[in-house]
Amino acid sequence: MSRRRKAEKRKIPPDPIYNNANIAKFINCLMKKGKKSLAQKIVYQALELFAKKVKIDNPMKAFEQALENAKPSLQVKSRRIGGATYQVPMEVPPNKKLYLATRWIIQNAKSKKGKSMLDGLILELTDCYNNQGATIKKKEELHKMAEANKAFAHYK
């Protein structure tokens, strides 16, 4: 890590269809080996089919709601104090909330066996929208762990 200056945060331009930065970040997380057009095609098709599945005419609102349901509010960080390591609960910064939710949704969509990425993404977004599924379970496990270690909160 550089000691001279802090790295500048890059501003990601919004996506061309919905003009939304969150979708652009989602596409970039999904992209592999620089194939952005393929990632865009998958995400845009998934958003349209997902909006039809949850019976909402605006795919943007449905996507934002699914992301909001998947975002964690607490996390645990390891702190070493006097030879013992404690799991200290902390609030998650807003940009990390989005990153974690995006990463979990994409991981769980990829892990659906026998499904294409498009089908897995539709299923995972639908589950997040309905507050169920693997992504929501992961968020709840993180919150439970933070709640269980609340006694160590003073070590922040």
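The predicted model contains 3 salt bridges, a salt bridge being a side-chain nitrogen of Lys or Arg within 4 Å of a carboxyl oxygen of Asp or Glu. Residues are numbered from 1 along each chain as its sequence is written, and side-chain values use heavy atoms, with hydrogens and water left out. As the model is predicted, local features need pLDDT of at least 70 and side-chain atom pairs count only at pLDDT 80 or more, whereas totals for chains, interfaces and linings use all residues.

One of the salt bridges joins the side chains of R5 and E8, with an N to O distance of 3.8 Å. Both R5 and E8 are exposed; here exposed means over 50% relative accessible area, buried under 20%, and partly exposed in between (1.4 Å probe, protein chains only). A salt bridge is also formed by the side chains of E68 and K71, at 3.6 Å from N to O. E68 has a relative accessible area of 47% and is therefore partly exposed.

E124 and K112 form a salt bridge in which the closest N and O atoms are 3.1 Å apart. E124 belongs to helix 5 (residues 117-129) and K112 to the loop between helix 4 (94-110) and helix 5, so this pair ties together parts that are 12 residues apart in sequence. Helices and strands are DSSP runs numbered from the N terminus (helices: H or I, at least four residues; strands: E, at least two). E124 counts as buried because its relative accessibility is 0%, while K112, at 22%, counts as partly exposed.

A search of the whole structure gives 3 aromatic pairs. Rings of Phe, Tyr and Trp (its six-membered ring) are paired if their centres lie within 6.5 Å, and the planes count as stacked under 30 degrees apart, as edge-to-face over 60 and as tilted for the rest. Y18 and Y44 form a tilted pair, with 5.9 Å centre to centre and 55° between the planes. Y18 lies in the segment before helix 1 (21-30) and Y44 in helix 2 (residues 36-53), so the contact ties together parts that are 26 residues apart in sequence. Both Y18 and Y44 are buried.

The ring centres of F50 and Y129 are 6.1 Å apart and their planes stand at 80°, so this pair is edge-to-face. F50 in helix 2 and Y129 in helix 5 are 79 residues apart, and the pair links distant parts of the chain. F50 is buried, at 0% relative accessibility, whereas Y129 is partly exposed, at 23%.

The buried residues in helix 2 are A39, I42, V43, Y44, A46, L47, F50 and A51. These buried residues pack against helix 1, helix 3 (59-70) and helix 5, where contact means heavy atoms within 4.5 Å. K55, which follows helix 2, has a positive phi near 60°.

Strand 1 (residues 74-81) and strand 2 (residues 84-91) run antiparallel and are joined by 8 bridges; two strands pair if DSSP finds at least two bridges between them. K77 has V88 in strand 2 as its bridge partner. The two strands form a hairpin with 2 residues between them, and G82 in the turn has a positive phi of about 60°.
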